[in-house]
Amino acid sequence: MSEHTMGRGGFQPASSVRVEPQPWGRLEWMIAGSLDNSDVLTVGKCFIDPGQANPVHHHPNCDEVLHVVRGRIRHRVGDDYIEMGPGDTISIPIGSIHNATNIGDEQCELVIVFNTAHREVIGE
């Protein structure tokens, strides 16, 4: 097996990222059960264009951790709103209604991690 084809649980080259364009930006998935490279985690990035928001949604089967790499967002969890910037991280409990709005003038980049390889989403 070459260094670039380690398979399940190993190195994932940038060329293996699954990109899902969205009206508000895009999602990129690096680790997930659907990519056949994890049994326990989903790891991706969320990019939201300036002035846009991803839909209000929740995950009935997992917690989510969201980390801001670039940009500024207003993040809603339930009835609470918090402004977040680079370096800020939030843990979103299972079943919590949430979404992010880009309040900056550049595309925001968020790392998102879920404690299941088979993330379910309702409302997106």
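Glutamate 20 is partly exposed, with a relative accessible area of 25%. This is a predicted model, so every value I quote is computed from it. Glutamate 20 has a partner: its side chain meets that of arginine 18 in a salt bridge, 3.3 Å from N to O. Arginine 18, at 30% relative accessibility, is also partly exposed.

That pair is one of a set. How many salt bridges does the structure hold? There are 5. I will go through some of them.

Next is arginine 26 with glutamate 28. Their closest N and O atoms are 2.8 Å apart, and the pair forms a salt bridge. The two side chains are also joined by a polar contact of 2.8 Å. Arginine 26 is partly exposed, at 25% relative accessibility.

Glutamate 28 sits in strand β2, residues 25-31. What does glutamate 28 touch, leaving out residues up to four places away in sequence? The list is Val17, Arg18, Val19, Val43, Gly44, Lys45 and Phe47.

Glutamate 109 forms a salt bridge with arginine 70, with 3.4 Å between the closest N and O atoms. Glutamate 109 belongs to strand β9 and arginine 70 to strand β4; the two are 39 residues apart, and the pair links distant parts of the chain. Glutamate 109 is buried, at 10% relative accessibility. Arginine 70 is partly exposed, with a relative accessible area of 31%. Lysine 45 comes in here as well: Lys45, Arg70 and Glu109 are linked in a network of salt bridges.

That brings us to β9 itself, residues 108-114. Of its 7 residues, 5 are buried, so the strand is mostly covered. Which strands pair with β9? One is β3, residues 42-48, which runs antiparallel to β9 and is joined to it by 7 bridges. Within that pairing, valine 43 stands opposite valine 113. The other I have is β4, residues 64-70, again antiparallel, with 6 bridges to β9. There, leucine 66 has isoleucine 112 as its bridge partner.

Let me turn to the nonpolar side. In soluble globular proteins, nonpolar side chains tend to be buried together. Here the largest nonpolar core has 18 residues. Those with the most contacts inside this core are Cys46, Ile48, Leu66, Ile73, Leu110 and Ile112. Two or more residues each come from β2, β3, β4, β5 (73-77), β7 (89-92) and β9. Which element gives the largest share? The answer is β9, with 4 residues.

Neighbours within four places in sequence aside, leucine 110 is in contact with Gly44, Lys45, Cys46, Ile48, Leu66, His67, Val68, Ile73 and Ala100. Among these, Cys46, Ile48, Leu66 and Ile73 are also on the list of residues with the most contacts inside the core.

To close on β9: this strand pairs with β3 and with β4, gives the core its largest share, and carries glutamate 109, the salt-bridge partner of arginine 70.

Technical notes. Residues are numbered from 1 along each chain as its sequence is written. This is a predicted model: local features need pLDDT of at least 70, side-chain atom pairs count only at pLDDT 80 or more; totals for chains, interfaces and linings use all residues. Side-chain values use heavy atoms; hydrogens and water are left out. Buried means under 20% relative accessible area, exposed over 50%, partly exposed in between (1.4 Å probe, protein chains only). Two strands pair if DSSP finds at least two bridges between them. A polar contact is a pair of N or O atoms within 3.5 Å; within protein, one must be able to donate a hydrogen and the other to accept it, and residues adjacent in sequence count only if both atoms are side-chain atoms. Contact means heavy atoms within 4.5 Å. A salt bridge is a side-chain nitrogen of Lys or Arg within 4 Å of a carboxyl oxygen of Asp or Glu. A nonpolar core is a set of buried Ala, Val, Leu, Ile, Met, Phe, Trp, Tyr and Cys residues joined through side-chain atoms within 4.5 Å.
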